[in-house]
Amino acid sequence: MRAITNPSFLIHHHHHPSLASAVLRSLRHRFPNFSPSLIKVRAQSSSTSHAELDNARTGRSGSLASPPTHLDVTQKIDVNPPKGTRDFPPEEMRLRNWLFQNFREVSQLFGFEEVDFPVLESEALFIRKAGEEIRDQLYCFEDRGNRRVALRPELTPSLARLVIQKGKSVSLPLKWFAIGQCWRYERMTRGRRREHYQWNMDIIGVPNVTAEAELISSIITFFKRIGITSSDVGFKVSSRKVLQEVLRRYSIPESLFGRVCVIIDKLEKIPIDDIKKELMSVELSEDAVEELLQILSVKSLTKLEEKLGSSVEALADLKQLFSLAEKYGYSDWIQFDASIVRGLAYYTGIVFEGFDREGKLRAICGGGRYDRLLSTFGGDDLPACGFGFGDAVIVELLKERRLLPELSPQVQNIVCSLDQDLQGAASSVAARLREKGQSVDLVLENKPLKWVFKRAARINAQRLIIVGSTEWQKGMVSVKILSSGEQYEIKIDELE
């Protein structure tokens, strides 16, 4: 029998005295300060079935198990959110809304449509290949239906699932964007938390690097809108086909490709000797490791061509991307860097990463091509590429550059009555203005005018509307324009 862990279990003294004793012993063991007097025991009908009792023991029933409601214990809670998570009080929420609004407006400028997915997904969606950092960072558990589920650590697998589900009912190319909360149980550093919001843009159905060029252009458009320049931020660009070519030359099996990418993604995070050891542990010869590390140090397409020859497919893709960057007008934002591979196993071609040129912060955003992701979930592969852009690092960058916007609350009207008896009249004025689409902060208590003026200043109200008995009897209200101090009376019917 499973230990009884639900203190709300109804103990029936008369018919099951031994069971009652067992419950009390179990609770004393689990809660050292437990006193039997804390349990509220209620009489239970003798018709209670053994099945119902068993459900109570296991905490299971046909519906969800009840929370413990019968322990009369007052406990002071920790007022901080769980480690690695955040509250969003109004001032933080204004910043978040401003950021998300820019994400949305840029996505719409580029003709993308918004989608969303559940925060809770099947665990299998995120467990692809061993070695991926993300696999060890899952918030995962078994739900009450014995299903393995996880809080999503990223959005791309959910997107892939939706694309497979839609099948041929959607016409290609798909240009979708999403802004969603993601969860990773990881070590926290500056700009990295256990939950964050992520802006994703994805293009499904375009095999050419024109898609990657468009995605990078959209991120740069976003940066420009918020005051970030190419002297603040750059993009490192490479292709996984470069690595594939090196591994092919050393007859390394294709099956090891993903694991090698995951190791190389740690280049700036762990010592080079550890990288070498990890690469050799996945069956790469010493010569292959040395050649690979030499290639990864290349920082120009000319040198890459010298190393690999001009016929390599990766080179053609990269040359086209840099040519398109020139046409878009963002050549000064991007640079070739062979060491960029991204840590997720599903990337197949061009990969890119936004970085802070001062080197104080971790990657700002990243993405690339993932043409073979859909088949890992049982779907038909489609050419696809996309990026993820977290909300935390960009806020740190804006702080560094002193570019955080000053976002104050904005309300058009503050309405108050001078007499408690006129509260209903003030409510009708507020309702009238709201019907016209104007925002109104209605003073809900009988407050002195000094308090009302302070409130108006705090919420940046544009005008104050005062309902006084003399004016109200004439069918009028007093209006004060707070920026200029101008004051006048106006008929209620003419109030706009």
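Which residue in strand 10 is the bridge partner of Glu353? The bridge partner is Gly366. The model is predicted, so local features need pLDDT of at least 70 and side-chain atom pairs count only at pLDDT 80 or more, while totals for chains, interfaces and linings use all residues. Residues are numbered from 1 along each chain as its sequence is written, and side-chain values use heavy atoms, with hydrogens and water left out.

**Overall build**

- The protein chain holds 15 helices and 16 strands. Both are DSSP runs numbered from the N terminus: helices are H or I with at least four residues, strands are E with at least two.
- Of the 496 residues in the protein chain, 46% are buried. Buried means under 20% relative accessible area, exposed means over 50%, and partly exposed lies in between (1.4 Å probe, protein chains only).
- Among contacts in the protein chain with a separation of 6 or more, 67% link residues 24 or more positions apart. A contact means heavy atoms within 4.5 Å.
- The protein chain exposes about 26000 Å², and carbon and sulfur atoms supply 49% of that area. Accessible areas come from the Shrake-Rupley method with a 1.4 Å probe; for residues, only the protein chains shown count as cover.

- Eight strands form an open sheet with mixed pairing, in the order 1-5-6-11-10-9-7-8. Strand 1 (113-114) and strand 8 (334-336) are the edges; each has a single partner strand, so one side of each has no neighbour in the sheet.
- Two strands pair if DSSP finds at least two bridges between them.
- Strand 5 (residues 174-183) and strand 6 (residues 195-204) are antiparallel, with ten bridges. Lys175 has Ile203 in strand 6 as its bridge partner.
- Strand 10 (residues 365-369) is mostly covered, with five of its five residues buried.
- Strand 9 and strand 10 run antiparallel and share four bridges.
- Strand 10 also pairs with strand 11, again antiparallel, over five bridges. Here Cys365 stands opposite Phe389 in strand 11.
- In a regular strand, side chains alternate between the two faces of the sheet.

**Helix 12 and its cover**

- Helix 12 (residues 391-400) is mostly covered, and eight of its ten residues are buried. Among them are Asp391, Val393, Ile394, Glu396 and Leu398.
- The cover over these buried residues includes helix 3 (90-109), helix 5, strand 6, strand 7, strand 9 (350-356) and strand 11 (384-390).

**Ser230**

- Ser230 sits in the loop between helix 5 (210-225) and strand 7 (233-239).
- Ser230 has a relative accessible area of 18%, so this residue is buried.
- Leaving out residues up to four places away in sequence, Ser230 touches Asp332, Trp333 and Arg357.
- The side chains of Ser230 and Asp332 make a polar contact of 2.9 Å. A polar contact is a pair of N or O atoms within 3.5 Å; within protein, one must be able to donate a hydrogen and the other to accept it, and residues adjacent in sequence count only if both atoms are side-chain atoms.

**A nonpolar surface patch**

- Leu418, Leu449 and Phe453 form a nonpolar patch on the surface, with about 250 Å² of accessible area together.
- Such patches take residues with over 30% relative accessible area and no salt bridge, joining nonpolar side chains (Val, Leu, Ile, Met, Phe, Trp, Tyr) within 5 Å and like charges within 9 Å. A salt bridge puts a side-chain nitrogen of Lys or Arg within 4 Å of a carboxyl oxygen of Asp or Glu.
- Leu418 lies in the loop between strand 12 (411-417) and helix 13 (423-435). Leu418 counts as partly exposed because its relative accessibility is 48%.
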